Amino acid sequence: MNREITLEPSVMIEELMFYIHQNEMGGDCIDPDNRFFPLYLELQKLRDKLDNDCYDTYVSVKNDEVRS
């Protein structure tokens, strides 16, 4: 099996979340009692933060805003 390796943080986070969901949580539903749930939740928060930071940068460039 030949897979492309991507070192972009958001992609790496998604891959790890997918692995946890499929292999550690059974792949059906997210169980809050699972020992990996806190890690999964923190990864979700980090992914959301990265997505929001990227969107904020896009909006500020599109609208010619300068943020410090």
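**Close-up 1. The salt bridge between K45 and E42 in the predicted model.** K45 has a relative accessible area of 47% and is therefore classed as partly exposed. Its side chain meets that of E42 in a salt bridge, with an N to O distance of 3.4 Å. E42 is likewise partly exposed, because its relative accessibility is 46%, a value between the limits of 20% and 50% that define this class. Both K45 and E42 belong to helix α2 and are 3 residues apart, which is about one turn of the helix. The structure holds 1 salt bridge.

**Close-up 2. The side chain of N34 and the backbone of F36.** N34 is located in the loop between α1 and α2, the latter helix comprising residues 37–62. A polar atom of the N34 side chain lies 2.7 Å from the backbone nitrogen of F36. With a relative accessibility of 16%, N34 counts as buried, because this class covers values under 20%.

**Close-up 3. A negative surface patch that includes E14.** Four residues, E8, E14, D48 and D51, form the patch. Of these, E14 is found in helix α1, which spans residues 9–24. The relative accessible area of E14 is 41%, so the residue is partly exposed.

Conventions:
Residues are numbered from 1 along each chain as its sequence is written. This is a predicted model: local features need pLDDT of at least 70, side-chain atom pairs count only at pLDDT 80 or more; totals for chains, interfaces and linings use all residues. Side-chain values use heavy atoms; hydrogens and water are left out. Patches are made of residues with over 30% relative accessible area and no salt bridge: like charges are joined within 9 Å, nonpolar side chains (Val, Leu, Ile, Met, Phe, Trp, Tyr) within 5 Å. Accessible areas come from the Shrake-Rupley method with a 1.4 Å probe; for residues, only the protein chains shown count as cover. Lys and Arg count as positive and Asp and Glu as negative; His and the chain ends are not counted. The place of a charge is taken as NZ of Lys, CZ of Arg, CG of Asp or CD of Glu. Helices (H or I, at least four residues) and strands (E, at least two) are DSSP runs, numbered from the N terminus. Buried means under 20% relative accessible area, exposed over 50%, partly exposed in between (1.4 Å probe, protein chains only). A polar contact is a pair of N or O atoms within 3.5 Å; within protein, one must be able to donate a hydrogen and the other to accept it, and residues adjacent in sequence count only if both atoms are side-chain atoms.
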